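Me: I have a structure to go through and would like to ask about it piece by piece. Please keep the answers plain.

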Amino acid sequence: MPSSRTLRLAAIGTAAGIFSGLFGVGGGTVIVPLLIFWFAFGERLATGTSLAAIVVIAAFAVAFQTGYGNVHFLDGLLLSIPAVGGVIAGAAAQQRLPQKAISLGFAALLVVLAITLVIP
Amino acid sequence: MSEVAAVLLAAAGGFAGGLLGIGGGILFVPALTLFLDLSQVEAEATSLLMIIPVAIVGVIRQRRYGNVSLRDGLVIGTLSPVGVLIGVVAVNELPVRALELGFAALLLFVAYGLVRRALAPEPSSSRSPELRSPKNV
């Protein structure tokens, strides 16, 4: 008989997995609030823990999508290099940049990208 | 030329993740559709591949600050495949237009969260560097 803790973790994994498969993202948007509400994790612990889950979730999703022939491995691996470089630079710059202004700038970028998706 | 733009948007996605704690995938997918001409489904599948190294780097960084419950994270991941399979099958069966509109809604939702956080009043106590939100891919 699995514990209720394991059942709740399974529920989070299932919900995040659906979200990740549908949108091609990690699923942190689902995992973080659920860890905070169900397990009383702090925001930092929830986001850090979600990263560990995302490694495994994304690996499953890549395996399943490979079955459909949808993964462009060369493009993905090459673009991983600037992506990882960006993460390291972003984390290192946290204390030196005006986060409010950058948050608003990225929000504007996301809205522009949403518009380009909606307009055919 | 468009390859350069794809590289820049991928770097921006990682940068946003490291700096602001938003997911990189949300920028990887448009980078792949707009600049490398992948379909929405191919872009989402390839974004998931990019997320793996980005999340591994994030786990290594955040573990140093004690921000990772590795066991709980691995349990969530290990118990996710049923959900992942549902999502992956759905994304391959749904009409592309529905996927595009759904992804646009996700972009707006994350943008709303960024604006709300940017406009929230400063917390009264000063936070040390490692207490900043880690990224959430």
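Me: Which residues does S69(B) touch, leaving out those up to four places away in sequence?
Reply: The model is a predicted one. S69(B) sits in the loop between α3 (40-64) and α4 (70-78) of chain B. Setting aside residues up to four places away in sequence, S69(B) touches F41(A), L45(A) and T49(A).

Me: Is S69(B) buried or exposed?
Reply: The relative accessibility of S69(B) is 18%. Buried means under 20% relative accessible area. S69(B) therefore counts as buried.

Me: With which residue does the side chain of S69(B) make a polar contact?
Reply: A polar contact needs a pair of N or O atoms within 3.5 Å. For the side chain of S69(B) the distance is 3.0 Å, and the partner is the side chain of D72(B).

Me: Is T49(A) buried or exposed?
Reply: T49(A) belongs to helix α3 of chain A. The cut-off for buried is under 20% relative accessible area. T49(A) has a relative accessible area of 0%, so this residue is buried.

Me: What does T49(A) contact, leaving aside its neighbours within four places in sequence?
Reply: The side chain of T49(A) also reaches the backbone oxygen of L45(A), at 2.7 Å. Leaving aside neighbours within four places in sequence, the contacts of T49(A) in chain A are with L35(A) and F41(A). In chain B, T49(A) is in contact with N67(B), V68(B), S69(B), D72(B) and G73(B).

Me: How are α1(A) and α5(B) oriented to each other?
Reply: The axes of helix α1 (residues 4-23) of chain A and helix α5 (residues 81-93) of chain B come within 6 Å and cross at roughly 25°. Angles under 35 degrees count as roughly parallel. α1(A) and α5(B) are therefore roughly parallel to each other.

Me: How many charged residues are in the contact of α1(A) with α5(B)?
Reply: On the side of α1(A), the contact is made by T14(A), G17(A), I18(A), G21(A) and L22(A). On the side of α5(B), the residues include G83(B), V84(B) and I86(B). By class, the contact of α1(A) with α5(B) has 7 nonpolar and 5 polar residues, and the number of charged ones is none.

Me: What is the angle class of α5(A) and α2(B)?
Reply: Helix α5 (residues 99-118) of chain A and helix α2 (residues 25-36) of chain B have axes that come within 11 Å and cross at roughly 45°. Roughly parallel would need an angle under 35 degrees, and roughly perpendicular 65 to 115. That makes α5(A) and α2(B) oblique.

Me: How many nonpolar residues are in the contact of α5(A) with α2(B)?
Reply: α5(A) contributes F106(A), L109(A), L110(A), L113(A) and T116(A), while α2(B) contributes I26(B), L27(B), P30(B) and L34(B). In the contact of α5(A) with α2(B), 1 residue is polar and no residue is charged. The nonpolar residues number 8.

Me: Is T66(A) buried, exposed or partly exposed?
Reply: T66(A) lies in helix α3 (residues 43-67) of chain A, and T66(A) touches V71(A) and F73(A), not counting residues up to four places away in sequence. Buried means under 20% relative accessible area and exposed over 50%, with partly exposed in between. At 34% relative accessibility, T66(A) therefore counts as partly exposed.

Me: How many helices are there in chain B?
Reply: From the N terminus on, the elements of chain B run α-α-α-α-α-α. Chain B has 0 strands, and its helices number 6.

Key:
Residues are numbered from 1 along each chain as its sequence is written. Chains are lettered from A and ligands numbered from 1 in the order in which they are written. This is a predicted model: local features need pLDDT of at least 70, side-chain atom pairs count only at pLDDT 80 or more; totals for chains, interfaces and linings use all residues. Side-chain values use heavy atoms; hydrogens and water are left out. Helices (H or I, at least four residues) and strands (E, at least two) are DSSP runs, numbered from the N terminus. Buried means under 20% relative accessible area, exposed over 50%, partly exposed in between (1.4 Å probe, protein chains only). Contact means heavy atoms within 4.5 Å. Axes are lines fitted to C-alpha atoms, for helices over the stretch in contact, and angles run from 0 to 180 degrees between N-to-C directions. Angles under 35 degrees count as roughly parallel, over 145 as roughly antiparallel, 65 to 115 as roughly perpendicular and the rest as oblique. Ala, Val, Leu, Ile, Met, Phe, Trp, Tyr, Cys and Pro count as nonpolar, Asp, Glu, Lys and Arg as charged, and the others, Gly among them, as polar. A polar contact is a pair of N or O atoms within 3.5 Å; within protein, one must be able to donate a hydrogen and the other to accept it, and residues adjacent in sequence count only if both atoms are side-chain atoms.
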